[in-house]
Amino acid sequence: MQTSARESRNVAYPLGAVVGLNAARRAILMLATDPGLKGVLISSKAGSGKSILARAAREVFQSATNGNPPFVEAPVNTTPDMLLARLDVERTLSNSSMVIEMGLLARADGGLLYADGINLMSGPAINHIAAALESNLVMIEREGISARLPANFALLGTFDRAEGEVSPAIADRVGLLIEAVEELDSGEREEMIRRVLSFDKDETSIIEKYSAETGRAIDAVKRARRLLPRVRIERDEIHNLAAIALRMGVEGNRADIFAVRAMRASAALDGRDRIREEDFQAAIEFVLAPRAKVAPVPPTQEQQRAEKSEGEEPKRRSPDTQEFEASERKNRHQNVAEFMIEPRDGAIPEIQGMLKRNKGRRPTLGKRADSINARAGRYIGSTPSNSAGARIAVDATLRAAAPFQKSRRAQNRYPDTGPVKIAPRDLRYKRFRRRSGMLFVFVVDASGSMAANRMAQAKGALMRLLEKAYLHRDHVALISYQRSEARVLLEPTRSVASARRVIEAMPAGGTTPLAAGLMRGLETVRLARLHGAGNAMLILLTDGRANTPLSRDVDETLDPRPVILDELKQVGLALGKEAVASIIVDTKSSFLSSGEARVLADAIGAEYLYLPRADAAGVFNAVSSVAGELRR
Amino acid sequence: MTKQKKRSSGKGIEHGRSLSGRGNPVSHAYPFTAIVGQEEMKLALVLAVIDPYIGGVLIMGHRGTGKSTAVRALADLLPQIAKVKGCYCGCDPARVAELCNDCRARLSPPRRLPVLRAPVPVVDLPLGATEDRVCGSLDIERALVEGVKAFEPGLLARANRGFLYIDEVNLLEDHLVDLLLDVAASGRNVVEREGISVSHPSRFVLVGSGNPEEGELRPQLLDRFGLFTEVETVLDLNMRVEIVERRERFERAASEFTDEYKRQQEALKQRISRARRLLDRVEIGRDMLRLIAELCIRLKVDGHRGELTMARAARALAALGGRRVVSLDDARQVATMSLRHRLRKDPLERLGSGLQIEQALESLLGSRFQGRLEATG
């Protein structure tokens, strides 16, 4: 957005002039040095210069490699057809033999695949990219096409974390993961403004400066590539990295391999053939720490692991100095780990802003009772019957027409239709299937004394829903709210394994910003729908307390309740527009209840269920019966 | 299915079928014997090669733990089998009853079918595959050019008598799952579409892999897999270092690396083919069968695929060890992988199913079987 003015001038804003994306810049140079790192994912806020970096990456990549490697862009709405291969209709008809157009993955072979907003790409597209990253191949078996093509490319993916995470299938298969939210201090801000303004005034002078710097980067990468095979890595250095990966609970063993490569690329880039501390740090910062799973490890597991690795270590330790170095490294790395792991889900979306946005430009979505249809989704087959707006399935049409070609040519009844004679009755139309499962979003009030109970109910019901999830392709998500924040504990999933891992301990206490929880739920639904989810339902478990308004600029001497109710009504409207069904499960025991939850339900327009001693089964039954109605 | 078509239609455009015969652009697969750790997975795969009737292997686990590496490495270990020459589904010349229509037609004035020896095929069923490519369909090109209704065989034909590998099996689309279940049950692929009507044998060993966090598998499909192995991230530090080092060496000089493992690969290959020959003569005692049956009862395993698989896997393991009789250890080693996915699921159960099986087995052994089995085994 920020770049649009510049793009219209068709001049890239210089890489050297980007302030504050140092880690990302470094990572891109490392990737250019060793494309075997398979890619970089860069998360940063919109308008912080990602697209500039991407263009710079292209330039460095292409100039440092012989043979002009491809730079292929995959847009957010990329479909599997575009990635794999598709029939070239015109040429197929004019040649009267199948002509296939190679997809983006094969075209990127030997080069760079750039995907901006990679977190918003559809699930199937993501899976194809992930598969190609892993095997360096693209295997196609669809719609008459059967091929294995080389697809050895590196991925440059950028995204804004506020819009959702990148699929772990991708993140795992790419070496470098960069968090580029370097907050600029006031001095840097000033510098940034100064540079942009001077660029607006005088492009050429700054471009000269820039090209000198880019030139240096290209030279460095070229040198580094020659040096790369000669960088020596000692077994001990691998050992240290692996030990850190182990301690961080990094999943899988691919990360270790990437870490060693990153270390080597970093050294080569600085013109060294030996590893130094900073290479080590780079490997941890870009490869291992972002994959750390061990934020708050349950002590038993930690102990087990520690014991395990301790058991190995004595054998390996040799001279004292080495030991000292190792332990010193260890300490420093631990700091890195602590620093990197914690904040992940701390970013609370600006709820107030979201509320306002809802009133404005958001499109109204209809009810999503879909399965097989003629318009959109995944192309699953064809039918001879035409319905409004259906698209012609060329492959199937050709197949239908094919057997008659000889006789039609002989009859000469189709003189002007080119080499392939197609009759109206040959026409076939595409059928699509859209995933038709439901998304159940549990929103749980985690404040107050009964929070643990509610959580247990939600978890139980959630697991029960998952048990049946394969039937309907349903997904579940879990959100808790307390104090002033709402957290997504479980992103929409249909995996029992990941659900089980997440739903463990839950903090409790504090006041209750109900609207925040609901907004978070709504946002989750929206993101999931970008990935093809259908019907959705919010299940709110609460005792009816809603004692904190969202707005921060409310006069504290006044009664907050009218404000709260007003906010909830807005949320209710938003839910309705987004076609999300909602249920409020009132968990307050009967003699204490004075119907607050009912008032909330009315404000939101949610279905109200009174289940004071609801066990998981009760919640599950209630939810399934409503879901059953929705499915019909 | 390797009819080469000599035609290149211009830059950047390649024809599918003309490419599929060209083989794998990645010349060297990582050697099976160079895979560090993950012993259960490796054993399960080897057993599935020794006895195809075990019904294949499902490998589930974390990303980056060598699942697909292991499956791709398997191809190098597979024995040669006799096939009818020129047959698109690689019919077995020794089994006349199961021949495809083409082979039967060639046979009909009683003649001998031409035979060649070729390796057991490993066929990938990639993500996003469509039904026409899986079961085969009309050959459009021949239809367009020659006006002939010819059958273009699909993956199920290529996989006949071999392995069908589905990576990310839990992402497989529903209609393909239905199709696979159908064919797997009947052993034949029946194609009735676009005016063609073909039926050919399609017996394949299903190998699947995936990450449980991507979603669950349909129970019917889960049940189809004979063995189920779970892989986890290697936690042993020295092994991790070894993994990195081997991978590094492989990527720097693949052919030298594979040469290093040639002897081990050859030795394993030999063991496997010896085991395949021995398999029919391996005996499994009555007591052992009883133990297996009681174990399944105790664990409330539905159906009988559990005990059959476990018995077959135990036999294959005995054959691998060159033993004529299944020992208690054989049964013990295969119990978990044969039954793990057949236990009734309680999603809140935190005790791993592997542990449940081991406990059940040990308590059975403690009670009645100990003495008798030790004597025979």
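## Model and overall fold

Two residues count as being in contact when their C-beta atoms, placed from the backbone, lie within 7 Å. By that criterion, residues 24 or more positions apart make up 78% of the contacts in chain A with a separation of 6 or more. The structure is a predicted model. Chain A has 632 residues, of which 46% count as buried, and its secondary structure comprises 25 helices and 18 strands.

## Confidence

The average pLDDT of chain A is 72, and 65% of the residues score at least 70.

## The interface between chains A and B

On the chain A side, 70 residues are in contact with 65 residues of chain B. The chain A side divides by class into 34 nonpolar, 17 polar and 19 charged residues.

One helix pair across the two chains is H12 of chain A (residues 254-269) with H10 of chain B (residues 237-252); the axes are 9 Å apart and the packing angle is about 60 degrees. H12(A) and H10(B) are therefore oblique to each other, and their crossing is right-handed. From H12(A), the contact uses Asp256(A), Ile257(A) and Val260(A); from H10(B), it uses Arg240(B), Ile243(B), Val244(B), Arg247(B) and Glu248(B). By class, these residues are four nonpolar, no polar and four charged.

## A helix pair within chain A

Helices H2 (residues 22-33) and H3 (residues 50-64) of chain A pack at an angle of about 25 degrees, with their axes 10 Å apart. Because angles under 35 degrees count as roughly parallel, H2(A) is placed in that class relative to H3(A). The crossing of H2(A) and H3(A) is right-handed.

On H2(A), the residues involved are Ala24(A), Arg25(A), Ile28(A), Leu29(A) and Ala32(A). They meet Leu53(A), Ala57(A), Val60(A), Phe61(A) and Ala64(A) of H3(A). This contact has nine nonpolar residues, no polar residues and one charged residue.

## Leu84 of chain A

Leu84(A) sits in the loop between helix H4 (80-83) and strand S3 (85-87) of chain A. Leu84(A) counts as buried because it has 29 C-beta neighbours inside 10 Å. Beyond its neighbours within four places in sequence, Leu84(A) is in contact with Gly103(A), Leu105(A), His128(A), Val138(A), Ile140(A) and Arg142(A), and also with Gly128(B) of the other chain.

Leu514(A) is 430 residues from Leu84(A) along the chain, and the C-alpha atoms of the two are separated by 45 Å.

## Positive phi angles

Most residues other than glycine have a negative phi. Lys38(A), which is not a glycine, has a positive phi near 70 degrees. Lys38(A) is located in the loop between H2 and strand S1 (39-43) of chain A, and it counts as buried because it has 21 C-beta neighbours inside 10 Å.

In chain B, Arg161(B) has a positive phi of about 70 degrees, although it is not a glycine. Arg161(B) belongs to the loop between helix H7 (155-158) and strand S7 (162-167) of chain B. With 22 other C-beta atoms within 10 Å, Arg161(B) is buried.

Conventions: Residues are numbered from 1 along each chain as its sequence is written. Chains are lettered from A and ligands numbered from 1 in the order in which they are written. This is a predicted model: local features need pLDDT of at least 70, side-chain atom pairs count only at pLDDT 80 or more; totals for chains, interfaces and linings use all residues. Ala, Val, Leu, Ile, Met, Phe, Trp, Tyr, Cys and Pro count as nonpolar, Asp, Glu, Lys and Arg as charged, and the others, Gly among them, as polar. Axes are lines fitted to C-alpha atoms, for helices over the stretch in contact, and angles run from 0 to 180 degrees between N-to-C directions. Helices (H or I, at least four residues) and strands (E, at least two) are DSSP runs, numbered from the N terminus. Angles under 35 degrees count as roughly parallel, over 145 as roughly antiparallel, 65 to 115 as roughly perpendicular and the rest as oblique. A crossing is left-handed if the near helix is turned anticlockwise from the far one by less than a right angle, and right-handed if clockwise. pLDDT is the predictor's confidence in each residue, from 0 to 100. A residue is buried if 20 or more other C-beta atoms lie within 10 Å of its own, exposed if 12 or fewer, and partly exposed in between; C-beta atoms are placed from the backbone.
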